[in-house]
Amino acid sequence: MAFNYHLATVASALLVLLLIEPTVGAPVQQQPLVLKYHNGELLKGKITVNLIWYGSFTPIQRSIIVDFIQSLSSPKAPLPSAASWWKTTEKYKGGSSALVVGKQLLHENLSLGKYLKGRHLLALASKFNDLNAINVIITAKDVAIEGFCTNRCGTHGSTRPLNGKPRTAYIWVGNSETQCPGQCAWPFHQPIYGPQTPPLVAPNGDVGIDGIIINLATLLAGTVTNPFNNGYFQGPPTAPLEAVSACTGLFGSGAYPGYPGRTLVDKTTGASYNAYGTNGRKYLLPAMWDPRTSACKTLV
Ligand SMILES: *[C@@H]1O[C@H](CO)[C@@H](O)[C@H](O)[C@H]1NC(C)=O
């Protein structure tokens, strides 16, 4: 079972129009948006995030992503921080979800090929079998995945429980840098359709990896609040709108279709960001639905 996530800048345009009132300052004012809770299990407490790198990544690329996951549960960074963004997931039933980076597998030899289907992702997702874990598969820019770009930028789901092993939640996200940055790395690249605003400068100087951060952030929030398709979502279970995917296209206050909204800007590099992380990192994180206000909340 897998739920796709597609950064639908165009399809969401109408929704975004309905949601936004042109005010400055978070949270974005909007009509109530309700993600129903379907009484299922959520991922709470200490959660191990194992990483499976499929294809080549530089050590710098890997550290940007590892630092991001660590930033979500480390409250030391100045505000607005990645940890303050993640804290909204605590408002969903059941308390906090503290992410800890676990094992990492470098699968550089591409032994499953350069075109992966769902069954390959499941095989990679089954490499680790920890309790209370999320296995994250990240595919390199030269690896094609069934449905990548045409209808999804990443996906999350769970492995089938076998021989008494626990079912494990997993995420796949691909580096879209050369395949479809307009779809999966917006707003760091011109969108392929719809209203055009100039692309933002990526905060870590890597359009592909900064795009992965947006999609991974979306999928991590969707996974802890709807790991087995009976948690929080709106719409049909086959195409659920989840914690962050329900807020697609919103990054800051004042967003409108084609414009991601207000961000902070790094004076030296011109990069846009809205969250500080560990090791002095900066990230641009999407809005998340806040169950207390029934609104999509932005950081700035
Ligand atoms: C490719 O790499 C993976 C992960 O390190 C390893 O498990 C597998 O045995 C390797 N396959 C080949 C054919 O070398």
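In this predicted model, helix 2 (residues 59-72) packs against helix 6 (residues 207-225), their axes lying 10 Å apart and meeting at an angle of about 20 degrees. Because angles under 35 degrees count as roughly parallel, helix 2 and helix 6 are therefore roughly parallel to each other. Their crossing is right-handed. On the helix 2 side, the residues in contact are Gln61, Ile64, Ile65 and Phe68, and they meet Ile209, Ile212 and Ile213 of helix 6. Sorted by class, this contact between helix 2 and helix 6 comprises 6 nonpolar residues and 1 polar residue, with no charged residues.

Turning to the strands, strand 3 (residues 45-54) pairs with strand 4 (residues 97-107) in the parallel sense, over 9 bridges. For readers who wish to find this pairing in the structure, Ile47 is a handy place to start: its bridge partner in strand 4 is Leu99. Strand 3 is also joined to strand 6 (residues 133-139), again in a parallel arrangement, here by 7 bridges. In this second pairing, Asn50 has Asn135 of strand 6 as its bridge partner.

A cis peptide bond links Leu79 to Pro80, with omega at about -5 degrees. Pro80 belongs to the loop that runs between helix 2 and helix 3 (82-86). Another cis peptide bond leads from Trp186 to Pro187, where omega is near 10 degrees. Pro187 is found in the loop between helix 5 (181-184) and helix 6. Asn132 stands out for its phi, which is positive at about 50 degrees although the residue is not a glycine.

Leu105, His107, Asn109 and Ser111 surround the ligand. By class, this shell consists of 1 nonpolar and 3 polar residues, and no charged residues are part of it.

Note on methods:
Residues numbered from 1 in each chain as written. Predicted model: local features only at pLDDT ≥ 70, side-chain atom pairs only at ≥ 80, totals over all residues. Near = placed C-beta within 6 Å. Nonpolar A, V, L, I, M, F, W, Y, C, P; charged D, E, K, R; others polar. Axes fitted to C-alpha atoms, helices over the stretch in contact; angles between N-to-C directions. Helix = DSSP H or I, 4+ residues; strand = E, 2+ residues; numbered from the N terminus. Parallel < 35°, antiparallel > 145°, perpendicular 65-115°, else oblique. Left-handed = near helix turned anticlockwise from the far one by under 90°. Contact = placed C-beta atoms within 7 Å. Pairing = 2+ DSSP bridges.
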